[in-house]
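Have the sequence and the 3D view open, and follow along.

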Amino acid sequence: MSSPFPQVADKLKGVQILAPIPDRAKHIFNAEALGLVATLHRSFNGERKRLLANRKEQQKLRDQGVLPDFLPETKHIREDPTWTGPPLAKGLQDRRCEITGPTDRKMVINALNSQVATYMADFEDSLTPAWANLVDGQVNLYDGVRRNLEYTTNGKSYKLNLDPKRHIPTLIVRPRGWHLEEKHVLVDGEPVSGGIFDFALYFYNNAHESLARGFGPYFYLPKMEHHLEAKLWNDIFNYSQDYIGLQRGTIRGSVLIETLPAAFQMDEIIYQLRQHIGGLNCGRWDYIFSYIKSLRNHPEFVLPDRGQITMSAPFMSSYVKLLVHTCHKRQVHALGGMAAQIPIKDDKERNRLALENVAKDKLREVLAGCDSCWVAHPALVPVVLKVFNENMKGPNQINVPPRTPYKPITARDLLSPYVPGAKVTEQGIRTNIIIGLSYIEAWLRNIGCVPINYLMEDAATAEVSRTQIWQWVTHGTKTDTGVTVTKELVSKLLGEEVAKLQKAATPGNKFSQALEYFKPESLGEKYSDFVTTLLYDDVTTIGRPIAADKL
């Protein structure tokens, strides 16, 4: 029987790579892996672009006053009690503590050496998609799957702990979202999807090996706004499994519910991925960003300072309750949110209070029924495990009766901007300026994960920062002292804060360039869908084209 797929040589025609591939990565860019990238692009990129165009049409409707709601055309999916997700995959039964971070070699080693259940290796919000970062990330994950990791820097050595008695965290990879492209790789003259590129290279090179090691090809899927975007991933999963001879359903995809539209389509998203779904995750910072972004034209949805929008805010609490109820009804994991704190080594009392707040946040999550949570730093793992071990005796809570009766969540519950004691402050504006500028400046230096004021900040928090200021300026919001937030006020505060940041930074910093990007966004003069797409061309390294069949 002949193969349904084109021969490798045919697939590589029209594939160009516009950046150098170092010798240490040549094995990653093998002909079959690149052939899968090209085939997925040719088969699915048209649908990806149609779905992105649909996002813009939906935003136009929201701008006109058509607020998000549960879809009437998929009511039958939501109300059908008979369907569920697949059995929990090996290595994903107990996910009580998950660590996240970029794919640099030191991070991969430290994450796999930590006492967590899983490690989400991130090609998205915590990684600047500079070519070298992406290539090194694929090499590091290839070696991580094979337990062949060592690294030396500044005279200090890191290596993977291979004690046979020790659990090595299950590896989960987060490819980029549908909106991001990989301009270093062209297929028939067109950039490939960043998500397809990240997924295909990792999947082709590691799927069989990961299964041999006792886990499997597992992924976190970000930034989706519609259940048909989940269907696109499901179609790609099916095609890719067929491509390398894996049984359909081997892949698992956990979905981050981090956009407001997706919160109204949780059942539908699980349904579209029901052969491959690994669970839904509460992506809290991106969710706040999406709430503001989706409803930005309406002054009644203005939110207060970021620091006041905790998970106990009614609209955030409703989102978690709906997620937990939906996931457990469908027999999949409800995955909790991020604890972004990092140790305060020079102040024991502040550090103690910060860890107490982490414990309270995680207690709230586990009592709400979450089966796991995220941490950004290994030092938080003992704190989180103590809370979950004391309050979740089994591997998860999927079949544990809820501690409080579930009250159906309405569209009003998800949309209401009410936050007890809410206020906008000048310090809140300054904090957003500092975070936004600092993150963009680091991103322009190819660093996608930045410690600021003892919190690990990534693209999601930078998005909240610039979007909040845009919202306050656009709607003339008043601070707690009665001052109207105007372009003039923000411009003045921008000047003061960037001067402080430049004074404290090392020579050669990129704060001036960061200000050029951040200022028009924060002054309400323009609004970009994503700061990462706004900045992307500054981190590309387009060079001489290399035909894939000549590698």
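## A serine to start with

Which residues does S240 touch, not counting residues up to four places away in sequence? They are L36, L40, F199 and F203, where contact means heavy atoms within 4.5 Å. S240 sits in helix α7; helices (H or I, at least four residues) and strands (E, at least two) are DSSP runs, numbered from the N terminus. S240 is buried, with a relative accessible area of 0%. Buried means under 20% relative accessible area, exposed means over 50%, and partly exposed is in between (1.4 Å probe, protein chains only).

A word on the ground rules: this is a predicted model, where local features need pLDDT of at least 70, side-chain atom pairs count only at pLDDT 80 or more, and totals for chains, interfaces and linings use all residues. Residues are numbered from 1 along each chain as its sequence is written, and side-chain values use heavy atoms, with hydrogens and water left out.

## Nonpolar cores

A nonpolar core is a set of buried Ala, Val, Leu, Ile, Met, Phe, Trp, Tyr and Cys residues joined through side-chain atoms within 4.5 Å. The largest one here has 142 residues, and F29, F199, I257, L280 and Y319 touch the most other members. Helix α2 (residues 31-63) gives the largest share of this core, nine residues.

Take a look at L280: leaving aside residues up to four places away in sequence, its contacts include V255, I257, M266 and L323.

## Salt bridges

Side chains of opposite charge can pair when their charged atoms come close. Here we call it a salt bridge when a side-chain nitrogen of Lys or Arg is within 4 Å of a carboxyl oxygen of Asp or Glu. The structure holds 49 of these salt bridges. In one of them, E124 and K223 meet at 2.7 Å, N to O. E124 lies in the loop between β3 (118-122) and α5 (131-145), and K223 in the loop between β9 (218-221) and α7 (227-244), so the pair ties together parts that are 99 residues apart in sequence. Both E124 and K223 are buried.

Another salt bridge pairs K329 with D267, and their closest N and O atoms are 3.3 Å apart. K329 is in helix α11 (residues 314-329) and D267 in helix α9 (residues 266-272), 62 residues apart. K329 counts as partly exposed at 31% relative accessibility, whereas D267 is buried at 7%.

Now for a pair within one helix. K386 and E390 form a salt bridge (2.9 Å, N to O), and they are separated by about one helical turn because they are four residues apart in helix α13 (residues 381-391). K386 is exposed at 51% relative accessibility, while E390 is partly exposed at 46%. Elsewhere, salt bridges that share partners join D122, E124, D125, R174, K223, E258 and D286 into one network.

## Two positive phi angles

Most residues other than glycine have a negative phi. D188 has a positive one, near 55°; this residue is in the loop between β7 (181-187) and β8 (190-193), and D188 is exposed, with a relative accessible area of 52%. N446 also has a positive phi, near 70°, and N446 is found in the loop between α15 (426-444) and β14 (450-452).
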